[in-house]
Amino acid sequence: MHALSTATHQHDALLRDYVNRLHAMADCLGTDCLDTVGVVAGQAALRDVLQGLRERLLPHMDAVEAAVYPTIERIMDDRQASVSMRREHDEIRRLVARLGEIADSIEDSIDRSTVLTLRRVMLRLYILLRTHLDEEELYLPILEGGLTEDGKAALARALEHVAAEHL
């Protein structure tokens, strides 16, 4: 597997783990989804996922915006090629921030309304991330077909650098 494919798949696997954990928490695993006691008991797991999103997902998005999206726009000769993906990044950042706000307030006040809001934020974030990661995979063939070997290696190094800092 080429270095660019390897770097992309490593990021994808790590991020999908957090996405899947987010979904499992939001799904409530067959329990009462509005159970405040369950949310308080699961607070450590929520904080762990939130930490992963902050320390791995957000830096990954920054790296993609800095290295991948401009490359895609250049290859496709379309400065608007990644606009919708950048907008999704903005919404992901907003949802991660909102998730953090809710997680920070759980100990102070937790009621069924807060639990419902938490679940909605987690499900929206899960759906957006899952779809977004699938869409980003579509860029790999474009990158591999439009870059020289040196260009692929340079892009892989940019992504690996972020992975090394945040793994």
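Reader: Which residues are linked in a network of salt bridges?

Author: First the criterion: a salt bridge is a side-chain nitrogen of Lys or Arg within 4 Å of a carboxyl oxygen of Asp or Glu. Here, D62, E65, D90 and R93 are linked in such a network.

Reader: What kind of model is this, and how are residues numbered?

Author: The model is predicted: local features need pLDDT of at least 70, side-chain atom pairs count only at pLDDT 80 or more, and totals for chains, interfaces and linings use all residues. Numbering starts from 1 along each chain as its sequence is written, and side-chain values use heavy atoms, with hydrogens and water left out.

Reader: How many salt bridges does a search of the whole structure find?

Author: The search finds 13.

Reader: Where do E91 and R94 lie?

Author: Start with the term: helices (H or I, at least four residues) and strands (E, at least two) are DSSP runs, numbered from the N terminus. E91 and R94 are both in helix α4, three residues apart, about one turn of the helix. Their side chains meet in a salt bridge at 2.8 Å, N to O.

Reader: Which residue forms a salt bridge with R21?

Author: The partner is D17, with the closest N and O atoms 3.9 Å apart. Both sit in helix α1 (residues 3–27), four residues apart, about one turn of the helix.

Reader: Is M122 buried or exposed?

Author: Use the cut-offs: buried means under 20% relative accessible area, exposed over 50%, partly exposed in between (1.4 Å probe, protein chains only). M122 counts as buried because its relative accessibility is 5%. By contrast, D104 is partly exposed at 47%, and R47 is partly exposed at 31%. R21 is also partly exposed, at 27%.

Reader: Which residues is M122 in contact with, leaving aside its neighbours within four places in sequence?

Author: Contact means heavy atoms within 4.5 Å. M122 is in helix α5 (residues 112–137). Its contacts, with those neighbours set aside, are L22, M25, A26, L46 and L99. M122 and H23 are 99 residues apart in sequence, yet 7.0 Å apart in space, C-alpha to C-alpha.
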